[in-house]
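Subject: Structure for you to look over

Hello,

Here is the structure I promised. Please open it next to this email and follow along.

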Amino acid sequence: MDRLLKAARTSGSLNLSNRSLRDVPNEVYQSLDAVGKDENWWEAVELQKLILAHNNIESLKEDLRNLPQLTVLNVSHNKLSDLPAAIGELPMLKSLDVSFNSILKIPEEIGSATSLVKFDCSCNRLKELPSSIGQCVELSDLKASKNVIIGLPEDLVNCSKLTKLDVEGNKLTMLSENLIASWTMLTEFNASKNLLSSIPENIGNLSHLIRFDLHQNKISSIPPSIMGCSSLVEFYMGNNSLSSLPTEIGVLSRLGNLDLHSNQLKEYPVEACKLHLSVLDLSNNSLTGLPPEMGNMTTLRKLLLTGNPLRTLRSSLVSGPTPALLKYLRSRLSEGEDSEITTPTKEDVITRAARLSIASKELSLEGLSLSAVPSEVWESGEIIKVDLSRNAIQELPVELSSCISLQIPSDGFQAVSRIQVLDLSGNASSLPEHPAFSSMSHLQELYLRRMQLHEVPSDIFNLQQLRILDLSQNSLQSVSVEFQRLTSLSELGLSDNNISVLPPELGLLEPSLQALRLDGNPMRSIRRTILDRGTKAILNYLKDKIPQ
């Protein structure tokens, strides 16, 4: 302990996590007063970072005020029932983590910690947040999930710099319009698992909102003003009481994931078929049919419909692959509407190319001014070469995934440098020896399932816009620390590999990484109890293992 304290007086940082401490050593509070005879007092620095996480500490002393230069204080995962008033006498404090304790009340004095930027009080026994928190005007990240909070203080209206707010798993019955009006900088808002019955009418004020999670509430409608949330990428409304959707939802051009499962929806509006979704969950609703226009949603990779009384669709279509269902729905469109999807320019050339491909195993649609590849050209699943050059195609057709012998030339990725979604799953032989993934700098989703990979291609770590990476069902034995470079990653699939250890640096992807799939691996480095608690728990565990 003396060695650690001495080092802290040199570095300004002290980490006493995971040491089974019941109390904070008095020497910690003494700071520079504890300088030893063998130390030069003029070289000592005030304590700035104090980590006491994962201990059995039951209380903090008012002597905390003796650490006025403290900027980071982490006392998460302890046995605290309260916090000292001295918490307000830390004028430099920017990050305070008191999560996973048994705290009943946050002292009003916290309002005096006016430099506070990040505050995590989740997983406690709080019934309210102090009104003085509104004085922390620099606050940008507030986590108060899994408490028993019944309402948010109106004084939070002063926290106009909030970018992330997590109040999941409380007893909230309403969200104030005044608060929504002031939180215009919010990018992530999680109010799931509460008792909310409505969404504020002025929700459209949140034009920077990227992720909005309201699942498992009692919400009966979405206000038309949702159209103002123009940056929205993920919207979770599952397990509510929605009976309809506003037509205005169709203008959310960036929306990629829309979860509406377990509601009371009777129809899906035609206007919402304009969305460029990757995932749409409509399972467990009251849908009896789907609009044919849904066939135009060619970006859809996953459409979930189970648990609906669908009468106009065969069960094999409902439970089958999404592309087949979309193709069927397109066939029900009028001829004029259907032409917008396929744009069959020079139909005779296309038909001839499709027939020739059966024998030659090569499909050439070069220079036909196509905006999409007609589904009827895929006569053979044995195609080894496809030429789609000199067209206006924005997305590769899903039928490519059935061409298991397709070969990608070494410079093939450069030819599609603006592509955003790439699925090569099951096409192990198609991947070049040194794939130049980084040439596709706009890539957001990459699926490499069943590719017989023994290691992750290093060029993937240069994809700064990558949001989804699926490497499941391969032969990976290790996970590179380079994953920490993928700062935009929200989903990472590593299931069904041979991974036994994860690098602590993977924890640095929290909170951007929302889904980490590890099932089917011989995981030895992380206890089952932590794995069962999900992505956030795993990432926080790994982050705590990073050497300070």
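Is Cys229 buried or exposed? Cys229 counts as buried, because its relative accessibility is 0%. Please keep in mind that this is a predicted model.

**The chain as a whole**

The chain has 548 residues, and 49% of them count as buried. Its secondary structure comes to 9 helices and 20 strands. The accessible surface is about 25200 Å². Carbon and sulfur atoms account for 47% of that surface. I also looked at contacts between residues at least 6 apart in sequence. Of these, 32% join residues at least 24 apart.

**Cysteines**

The structure holds 0 disulfides. Take Cys159, which is in no disulfide. Its nearest cysteine sulfur belongs to Cys136, 6.5 Å away. A disulfide needs the two sulfur atoms within 2.5 Å. Cys159 is buried, with a relative accessible area of 0%.

**Aromatic pairs**

There are 4 aromatic pairs in the structure. One of them joins Phe212 and Phe235. This pair is stacked, with 5.5 Å centre to centre and 5° between the planes. Phe212 sits in strand E9 (residues 211-213) and Phe235 in strand E10 (residues 234-236), so the pair ties together parts that are 23 residues apart in sequence. Both Phe212 and Phe235 are buried.

Phe461 and Phe483 make an edge-to-face pair, because their planes stand at 75° and their ring centres are 5.0 Å apart. Phe461 is in the loop between strand E17 (445-447) and strand E18 (468-470). Phe483 is in the loop between E18 and strand E19 (491-493). The pair therefore ties together parts that are 22 residues apart in sequence. Phe461 counts as buried at 3% relative accessibility. Phe483 is buried too, with a relative accessible area of 1%.

Ring pairs also link Trp183, Phe189, Phe212 and Phe235 into a cluster. Separately, Arg314 lies over the face of Tyr328, at 5.9 Å from the ring centre.

**Nonpolar cores**

In soluble globular proteins, nonpolar side chains tend to be buried together. Here the largest nonpolar core has 98 residues. Which of its residues touch the most other members? They are Phe119, Trp183, Phe189, Tyr268 and Leu280. The elements that give two or more residues to this core are helix H1 (2-11), helix H2 (26-30), helix H3 (177-182), helix H4 (315-319) and helix H5 (322-331).

Leaving out residues up to four places away in sequence, Leu280 touches Leu258, Leu260, Tyr268, Met294, Met297, Leu300, Lys302, Leu303 and Leu304.

**Ser99**

Last, please look at Ser99. Where is Ser99 found? Ser99 is in the loop between strand E4 (95-97) and strand E5 (118-120). Ser99 is buried, with a relative accessible area of 3%. Which residues is Ser99 in contact with, leaving aside neighbours within four places in sequence? The contacts are Ser76, His77, Asp120, Cys121, Ser122, Cys123 and Asn124.

Best wishes

Methods
Residues numbered from 1 in each chain as written. Predicted model: local features only at pLDDT ≥ 70, side-chain atom pairs only at ≥ 80, totals over all residues. Heavy atoms only, no water. Phe/Tyr/Trp six-rings, centres within 6.5 Å; stacked < 30°, edge-to-face > 60°. Helix = DSSP H or I, 4+ residues; strand = E, 2+ residues; numbered from the N terminus. Buried < 20%, exposed > 50% of the residue type's maximum accessible area, 1.4 Å probe, protein only. Lys NZ or Arg CZ within 6 Å of the ring centre and 35° of its normal. Core = buried A, V, L, I, M, F, W, Y, C linked by side-chain atoms within 4.5 Å. Contact = heavy atoms within 4.5 Å. Areas by Shrake-Rupley, 256 points an atom, 1.4 Å probe, with all protein chains shown as cover.
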